[in-house]
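The report below goes through a structural model, part by part. The sequence and the coordinates come first.

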Amino acid sequence: MKSLKKFALGMAVAGLAATAASAETVKIAYIDPLSGPFAATGTNGLHQYEFAADKLVNEKGGVLDGQMFEIVPFDNKISPKESLIQLQVAIDQGIRYVVQGNSSGVANALTDAIAKHNNRNPDDRVLFLNYSAVDPALTNEKCNFWHFRFDAHADMKMDALTDVMAENEDLEKVYVIGQDYSFGKAVASAAVRMLAAKRPDVEIVGNELHPIGKVQDFTPYARKIVSSGADAMITGNWGSDMLGLGKAVIENGFSGPIYTYYGAADGITAAFGETGVGSLKLVAEGGNNPPSKEAAQDYIRAFKEKYPDGNISQARITNVIEMLAMAVNEAGTATDVVAVANALEGMEFTDSLWSDNPMVMRADDHQLIQEVHIYGHVPVEAPFDFDNSGYGLKYENSIVNAGADLPTTCEMERP
Amino acid sequence: MSLFIVNILDGLVTGLLLFMLCSGLTLIFSMMGVLNFAHASFYMLGAYFAYQISLFAGFWVGLIVAPIIVGVMGALIERYGLRRVHQYGHVPELIFTFGLALLIEEFVQFFWGRQQVPYNPPAALDFTAFAIAGNTFPAYKVFMIFMAIGLFLVLLYILTRTRIGMTIQAALSYPETVQNLGHNVPMVFMGVFGVGTAMAGLAGVIAGPVMGTFPGMAFTLGAIVFVCIVVGGLGSLWGALVASLLIGWIQTFAASYNLRMEDLLVWLGFEKPMLMWESAWQDLWTLTLPQVGPILPYLLMVIVLVVRPQGLFGKRET
């Protein structure tokens, strides 16, 4: 009996201690795939978040009066349905910040659910910090006050890409190919629309969609692309579809540039190796390799020491963490997310690890306006390469404030 | 016209690769009467083993050693797994091979991760063999063609000209009788299973650098292999060859020519809706041949099953 009492007392004390500890931390729910076919990407992202929180916030004394950032992982198996369940679990645990990036389908479900939740429960509202889902709708017709996007969306990237392509005098024919689903279609229509506006003389010699994840051999597609006489091709493919298509076109004699959204990291850089040099390009935000700032170089070195097989493939993750820390400090609170959102809105962020130019979280639609680069796949010295392959990405062209002139249709309702 | 010739060659490569998988599977299927769901997984294992070996000893050692390892694994799995399950009937066997496929996929992900591994053609074959009107044909693909044809000839010789082959052929049709004549039929089964998986492994070794070596490679090829043996007919080497080539060409040509459903429907006399995006038939009107390409082999299978259930070259009903 006595021991039971002691045990109960101990439990109560431990419980108290736990509540005290949790009041000291700012919890951030990471809702992304940690199992299944996309687990590699999700796990790598989680490592980048944990590392960024430790390195950029906690080791510098945390936010406010010493509160630490804590990343709490939730596995959504890249399913929108599962994500909503995990979101509820996160909210029940008192978490007020949600980060997610893989798949715009998931992001669309989350942003709706969070907007609804925040309207109904003004006492425990949450913010959605989207670091990778690039469906333009999220900061246009589907925008809301609780959603912030730190990546450039698909149209902004295409805008930057077509700016660069438009300057190429020799460009006459372009082939557009993608996976047969919403993102592939969005990329294709943006490419056709923007090329027509910027270079009406350029001919789109092919515009097609292939079944997603079903094509075993891309050789026939490669033949069509080569035979069409295209000088350049654009694709939004990712994963094995990206690799299969890219390798097939290069092997079968295509020598022009291959502009991609996702043609790097997660094994793709290593698999292309020498063959991709000179043809594989990628449009994204982020830093050069090695980055120009000494601090950023040290950051990558430290990350590679901790995760030798990992990649800093999503530079924007550090921006999410640093901007959130700034906003919390500015608002003077981590629990009143409206104040934090107001601080984030319109925030100018000048000392990103990766960029010398300021970034702005546009107030109209909560879209981060930043530099977008066209990278080339080239030999890169360790540890700034990807997949430890000796190859990586270096700047070829940079567009400052990419897509800032793209109009937004967002009509935001503020609380 | 030049594109047509290139497509013929590309389809030949795809078809012959498929043949290396089907030939083993069709023998296994007709002997044991069980669909080996894990067959494509052995193909994947072949690619991964060869990749691992190529890191230390180069591509050519992997080409020889990897299929042997896969074949021995296959034989052991038959001897100590499948044979024990066999006595409980076909359904447990089927479930066994299905479980094996999942197990192998997890095994591969555990050791090599979920990402694609950089398994590339050897430097000696990394050049352009010839080009037809700007379309280059890599030397590696020529090598693939010769490997597959060589394998076919060797198999054909063994199965039709040697004593072992005759025993196998007999065991295919009348296993009890062959057993009564004093042949060790379980041993033959184990041998066929081992050789069948070794050929799948060899297919993986030479396909890995072209098709990509990743944990999903078994899955993408798994179903099409069954189509191939059903169309070709059980136990028939020629059937497997013809069906594989047919499927290879269907897939290649379907992906190559942008025939549109719109043209077909207009030709058939239907009127194109003025506002396509408001039409209920929008999805049908905007279909193109490359989009339906992946289902054509299955369509072929259904047609063959209806018209000729024993397959193109099959000798017995199942």
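In chain A, E348(A) stands opposite V360(A) of β12(A), a position within the antiparallel pairing of strand β11 (residues 348-349) with strand β12 (residues 359-362), which extends over 2 bridges. Strands here are DSSP runs of E with at least two residues, helices are runs of H or I with at least four, and both are numbered from the N terminus; two strands pair if DSSP finds at least two bridges between them. Strand β12(A) is also joined by 3 bridges to strand β13 (residues 367-369) of chain A, in the antiparallel sense, and R362(A) stands opposite Q367(A) in β13(A). The hairpin of β12(A) and β13(A) has 4 residues between its strands, and H366(A) takes a positive phi near 60 degrees there.

## Basis of the description

This is a predicted model, in which local features need pLDDT of at least 70 and side-chain atom pairs count only at pLDDT 80 or more, whereas totals for chains, interfaces and linings use all residues. Residues are numbered from 1 along each chain as its sequence is written, while chains are lettered from A and ligands numbered from 1 in the order in which they are written.

## Domains of chain A

Chain A is divided into domain 1 (24-152 + 311-369) and domain 2 (155-284 + 386-399), with bounds that come from an automatic or database domain assignment. The C-alpha centres of domain 1 and domain 2 of chain A lie 29 Å apart. The contact between them takes 7 residues from domain 1 of chain A and 8 residues from domain 2 of chain A, where two residues are in contact if their C-beta atoms, placed from the backbone, lie within 7 Å.

## The seven-stranded sheet

An open sheet of 7 strands in chain A has the order β7-β6-β8-β9-β10-β14-β15, with mixed pairing. Its edge strands, each pairing on one side only, are β7 (203-210) and β15 (391-399) of chain A. Strand β14 (residues 372-379) of chain A pairs with β15(A) in the antiparallel sense over 8 bridges, and within this pairing I374(A) stands opposite N397(A).

Which residues of β10(A) point one way, and which the other? L280(A), L282(A) and A284(A) point one way, K281(A) and V283(A) point the other way, and all are buried, meaning that 20 or more other C-beta atoms, placed from the backbone, lie within 10 Å of a residue's own. Because 5 of the 5 residues of β10(A) are buried, this strand is largely enclosed by the rest of the structure. Strand β10(A) runs parallel to β9(A), to which 3 bridges join it, with L282(A) as the bridge partner of T260(A); β10(A) and β14(A), by contrast, pair in the antiparallel sense over 4 bridges, with G376(A) as the bridge partner of K281(A).

The 19 residues of α2(A) should span 27 Å at 1.5 Å a residue, and the end C-alpha atoms are 26 Å apart, which agrees; the expected span is 1.5 Å times one less than the number of residues. Buried residues of α2(A) include L46(A), Y49(A), F51(A) and V57(A), and what covers the buried residues of this helix includes β1 (25-32), β2 (68-75), β3 (97-100), α10 (294-306) and α11 (316-331) of chain A.

In the interface, 31 residues of chain A are in contact with 30 residues of chain B. On the side of chain A that touches chain B, α2 (39-57), β7, α7, α8 and α9 (268-272) of chain A each supply at least two residues, and the largest share, 7 residues, comes from α7(A).

Note on methods
A residue is buried if 20 or more other C-beta atoms lie within 10 Å of its own, exposed if 12 or fewer, and partly exposed in between; C-beta atoms are placed from the backbone.
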